[in-house]
Amino acid sequence: MANGFGTLFIGASGLQNAQTALNTTANNLSNVDTKGYVRQQVRFADKSYNKLKDSIANVNLQQYGLGVSIGDVVHARDIFLDKRYRQNHGSKAFYSVRGETADYVTDLLQEMHGEQFKSSISAMWQAFQELSTKPEVTVYQNLVVEKAELLISRAQTLYADFQKYQSNINDQINDDVERVNEIGQRIYELNLEIQKVEAGGVETAMTLRDERDNLLDELGAYGTIDVKEDQTGLVYVDFERTRFVDENRAYNIALKKDLETGFDNPYWEHLSDVDKGQYVPVFHIDDAAATDIRFDVGAIKSKLIVRGDRYGVASDMDTYASYDKIAGSTVMVVEAQIDDLMSSIMMAMNDVFCPNMESTAAFTGPDGTVYPAGTLILDEKNCARGSDGELPPRELFVRRGVDRYTKVEADDGNTYYVYNKPDPDVYDTQYSIRRVSVNDELKKQVSLMPAFLENGDVAIELAKKFSDAWNATDMKLNPYDEKPCTFEDYYNRVVDALGLEGNIFNSAADAMEGAMYSIDNKRQQVMGVSSDEELTQMIKYQSAYNAASRFMTVISEMTELIVTGLGR
């Protein structure tokens, strides 16, 4: 031994580093159930060596070591597994929202305040069947008015429930955006704290890093993220392909409120010019067709899709273009389908009471308006009349602020009742759930309901007209649907389509959850704490500590022996 007292430092280093390893292992054991905790692993290294003399050829190095040191305390994570986990977390959240929305909307359709909406449709048809047997009987007429009011009331309540659900989703979006901003700000603060701790190159900010990684895992559920860490320990975060956190700040996501619907839409505050009305959206919903990116990631994006940007109406089902604009929104599609169903029922029943025909020639009104040939007018010869015999007959369902007919005293000496047909581009002219009611005149005097021919006879042929109108296969689920159906079949297909959609999205969410579980198991193999393994390490380091202690005792006794021996 070149220096007897130097061996004390060797023993002391063994004691100190074994104690450090014991403390690290104890910390791991105490956090075995802590979510997101990353196992800390001690790596030992040699201390520097002192030379006794310069080495020469064919002779071993003439040096001795100064003991052991802590080379590093490893904070082990796999960045590739982290990336996959966060992406699958976002996809699971995306599909879960879609599946939960389909299930909730299905529940609204199947059961509303204890009464199935479908039963109201069936009750309306039964009332018309009763009326068709004796259209002049006020009891049956009252039944039609009663069931018509009930159907409209339940349809309006159902539609209002859809609107409330959209508002609820909007509130969730607000909460999610607020949380995303909180996460971004905290990650920025942790970046600064981690840099301060690790600036000297001696210590690793374990706890701070764990908190930051947990926040990044959470952030991955809200949208697409990309994370990069530089050599100083600072992470740069991109959210939805836009820089969210950097060395300077966390960039805020703001919300723009739609004045008509009250819906909020996230936009990048730092990239937008509010004064000029220029907003840069955070989520690009139109990217669904892009093949080079993962679109199906993030709960907020999914909620924006299912909520939609307005309320669905019947005219959305008219063309491919109009339907494509709402096709992704479960709530808007169902709103439009229910509105379309109700509109079709109301227009079909009104057309029985007040049938229309095309004019055979053009005519001009007193104000100079020219009505071309083919203009829809009341078919006076084939329409029934109420007990007062007046024309035009009363329609059962009326639009707020829009009469069914405009009376025109034409230049040819005839009187025409011009049909004010719904304009798909003007919502106020449509037979929409939110704009219709049962005719007040019929509610006050039900005998005014059309039931008699011009000569006063009972209009028996109404029975066949009602049956033909109700059972006509004129409805299609959407413009792409090739299978026409009746009113009641249409409703059943709406419910079936929602059930299928819910199953598809819930299955996708379950698949993503399974992938998350598998990836997280692999992550835990890298960063997780095993109590059995840590207890084994504890025994090993305790033995190392005891060995270093015995070594120190031997050196102490030897030194004492040498010193006392020299004194003799």
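Modeller: Gladly; what follows goes through the helix packing and then turns to the backbone in the loops. Please keep in mind that this is a predicted model.

Let's begin with the pair α2 and α6. Helix α2 covers residues 79–110 and helix α6 covers residues 299–307. Two packed helices are described by the angle between their axes and the distance between the axes. Here the angle is about 30 degrees, and the axes of α2 and α6 are 7 Å apart. Angles under 35 degrees count as roughly parallel, and α2 and α6 are therefore roughly parallel to each other. The crossing of α2 past α6 is right-handed.

Which residues in α2 and α6 meet? From α2 come Ala 93, Phe 94, Val 97, Arg 98 and Thr 101, and they meet Ala 299, Lys 301, Ser 302, Lys 303, Ile 305 and Val 306 in α6. An α-helix has 3.6 residues a turn, so residues three or four places apart point the same way.

Now for helix α5, residues 206–219. The buried residues in α5 include the leucines Leu 208, Leu 215, Leu 216 and Leu 219. Also buried there are Met 206, Arg 209, Asp 210, Arg 212, Asp 213 and Asp 217.

Finally, the backbone. Most residues other than glycine have a negative phi, and most peptide bonds are trans. The loop between β6 (235–239) and β7 (242–245) holds Glu 240, and Arg 241 is found in the loop between β6 and β7 too. Phi of Glu 240 is positive, near 55 degrees, while Arg 241, not a glycine either, has a positive phi of about 65 degrees. Are these two residues buried or exposed? Glu 240 counts as buried, at 3% relative accessibility, whereas Arg 241 is partly exposed, with a relative accessible area of 41%.

One more backbone feature is worth a visit: the peptide bond from Leu 391 to Pro 392 is cis, with omega near -5 degrees. You will find Pro 392 in the loop between β13 (376–378) and β14 (397–399).

Definitions and conventions
Residues are numbered from 1 along each chain as its sequence is written. This is a predicted model: local features need pLDDT of at least 70, side-chain atom pairs count only at pLDDT 80 or more; totals for chains, interfaces and linings use all residues. Side-chain values use heavy atoms; hydrogens and water are left out. Helices (H or I, at least four residues) and strands (E, at least two) are DSSP runs, numbered from the N terminus. The expected span of a helix is 1.5 Å times one less than its number of residues. Buried means under 20% relative accessible area, exposed over 50%, partly exposed in between (1.4 Å probe, protein chains only). Axes are lines fitted to C-alpha atoms, for helices over the stretch in contact, and angles run from 0 to 180 degrees between N-to-C directions. Angles under 35 degrees count as roughly parallel, over 145 as roughly antiparallel, 65 to 115 as roughly perpendicular and the rest as oblique. A crossing is left-handed if the near helix is turned anticlockwise from the far one by less than a right angle, and right-handed if clockwise. Contact means heavy atoms within 4.5 Å.
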